[in-house]
Amino acid sequence: MIDYQQSLNPAQLEAVTFTHGPVLVIAGAGSGKTRTIVFRLAYLVEKGVVPENMLLLTFTRKAANEMLSRAAALVGRELGSVSGGTFHGFCFLLLRKFAGVLGYNNGFQVMDSGDSEDIIRGIRSELRLGKGDRSFPRNRTILSLISKSRNKEVSLEKLIEKDAFHLREYTEDIDRVKNAYFMEKQRLSLLDYDDLLFFTERLLSENREVLEFVRSVYRYIMVDEYQDTNLVQARLAGLIASREGNIMVVGDDAQSIYGFRGADVGNILDFPGLFPGAHIVRLEENYRSTQPILDLTNNILAHMDAKFEKKLYSSRTEGIMPELIRPASDMSQAKMVMSRIIELNTEYPLHEIAVLFRAGYHSYPLEVELNKASVPYQKFGGIKFSEAAHIKDVLSLTRLAGGSPDFLSWKRALGLLPGVGPKTAEKLFKAYELGDHQQLINFAGKHKEFAELRDLMTSLSEFGGNPSLVVSSVISFYGPYLEKQHAEDLPRRLGGLEQLEQIAAGYDELDIFLADMVLEPPDALGYSAREDALVLSTIHSAKGLEWPAVMIIDLVEDRLPSRHALLDPSEMDEERRLLYVACTRARDYLGLFVPCCVHHRASGFHQPVSQSPFISELSSNLFKELRETTLGRLKPRKESPSGGHVPHQRSSVAASAYCRHKLFGRGKIIMAMPPNKYKVNFPGFGLKIINGDYLEIEE
DNA sequence: AAAATTGACATTTTT
DNA sequence: TGTCAATTTT
């Protein structure tokens, strides 16, 4: 028997043992949230709940698996079949089981955003939209608008009005693309990420018996990271749980950082409304960080209108003060981070040190330095493994082997063959669909490579859908193409394919493997593979993780907060929460870096930047400040009348508008400006503020 | 019709 | 920096 009293604090114990009825756990950063879920799983098992009746929804499947194995270790035996994973993964499995009910009698494929973009590209050329119009929105922009409007459940028109004002004249065109995109998906039996959620909702609300089935199976539900669920996800949780109401959701409104994807902090606030009488438990004791770090993070919290009041405290009262370091530029920032790393490395192994940033490209200068000094590092966030061309090629070929090939994979796979492009691929797909074998045979007769591909498919069908065998054969077929197409960095790409092979070996069903490659791209794979490597990560990808030493770089306006957020107070709040999440990852050491100027790609020059407003907000007794001297050394900051930072000369937003205007002679530029914040004067140009918030420059 | 070349552009965050 | 679309060459 497990001694719960001994192992948990009173709040945790309450969350673990309150198993009947809805519970909302407000879990501050580092408050033992995972531990609580793990013990609850164990507790349920000890109380005799069958594992099949439990559902654990988390942010990644890796997180779910980790919790399950920790719970198993606690109970002392295998837990068996608890369903665990992401909402999307759960929905996929459910839809797959009931595909027929929704009318997908021949099954369906899940597509990633690249596939969606391909469809949109096709639609645009068919509708002849934006031909010759340089400022017509990009396909990926269109896609993200469509997806955002669905996730936030706001009409496209309203969304564009609010989030993409500069595209308002294209609203109608984007709407046409959206409608065509929906029809095309339907026609090709393809579901995108959002479809998985919405179709599941439809399945459950329109089919009583399916709903009853699901409810009878999943009787104990736990949802982690509830602050990052969107409206449909909350409704899904409600649908599944609302008969017995044995649901526990865990989250922290202060850590909601996926608003851009439609996550709604409102969910966590409305939980008591969705489940009347919900029991609320607060976990506020922090087991991760030292008190000086918590003092700083509490100070960040103080500046937002956090809805659930909380103040974290720690028993680790001793600790070093967080540092605020001001390098002269982002280049010297990279050098100074390097020297900090070397210092910290005497005390911590590399993998216990992390550098965090807002966007993937912010780490480029640092990566250059790391490579120069050959410091091994592992980067999280940014480009996805499965978005790389060679991976997509192999996955498309693998999909062809899956029985009923979807059009997109077919097109991609056949496009590899010399002399075959979109037109020919389309013609052949038609022939295939109509069962016109003669045409295919004819083509194979005069096209050696096509015949080879066909033979490959025939031999693959003998593997009975064994992922490992299929993928290895596909890779050996693909080898020559890889050499021809991507000769430059062959070894790296070959390594990637090897990884893919290993991943496939962990599956026994081909279509589950393929769906997972879309739903959970294995970017974290290298994490366990590389033992002692420095961690570089976007703040978003750092969610839920912790390190003894954490450095956060580029804490300047335009980067954190991102330029996009400057206009909208609620987006500014999300940026602030982002900083909060980043800082609360640190156990012992926290370093904040504020470069005085950063390299601007557009102009090619270094431009002065002002420090992030979130840094200005902090009380200065919460950190130790260091400045770079002209010699490149650090010394403690001296009080100076100017407040010690580079005066803001000109907003880079306005500056880049000015440059573009000057260089390209555009007649008129309209762009978003923070109200009253920047007064800009350019000789020879008239400036107007329209709608209060928009800057117009004209000759 | 496909392949190669040029030219322009935009950079958040992710299931 | 790499990507994407338009243009030219094969």
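**Exercises on a buried glutamate and a helix pair**

Glutamate 575 is buried, with a relative accessible area of 7%. This is a predicted model, in which local features need pLDDT of at least 70, side-chain atom pairs count only at pLDDT 80 or more, and totals for chains, interfaces and linings use all residues. Residues are numbered from 1 along each chain as its sequence is written, and side-chain values use heavy atoms, with hydrogens and water left out.

**Exercise 1.** State in which helix glutamate 575 has its place and which residues are in contact with it, leaving aside its neighbours within four places in sequence.

*Solution.* Step 1: a helix is a DSSP run (H or I, at least four residues), numbered from the N terminus. Glutamate 575 lies in helix α26, residues 569-583.
Step 2: buried means under 20% relative accessible area, exposed over 50%, and partly exposed in between, with a 1.4 Å probe and protein chains only. At 7%, glutamate 575 is therefore buried.
Step 3: contact means heavy atoms within 4.5 Å. With those neighbours left aside, Arg358, Leu560, Pro561, Ser562, Ala565 and Phe614 are in contact with glutamate 575.

**Exercise 2.** Describe how helices α15 and α16 pack.

*Solution.* Step 1: two packed helices are described by the angle between their axes and the distance between the axes. For α15 (residues 330-345) and α16 (residues 364-372), the angle is about 50° and the axes are 8 Å apart.
Step 2: angles under 35 degrees count as roughly parallel, over 145 as roughly antiparallel, 65 to 115 as roughly perpendicular and the rest as oblique. Helices α15 and α16 are therefore oblique to each other.
Step 3: the contact involves Asp330, Ala334, Lys335, Val337, Met338 and Ile341 of α15, and Pro365, Leu366, Glu369 and Leu370 of α16.

Definitions and conventions. Chains lettered and ligands numbered in written order. Axes fitted to C-alpha atoms, helices over the stretch in contact; angles between N-to-C directions. Helix = DSSP H or I, 4+ residues; strand = E, 2+ residues; numbered from the N terminus.
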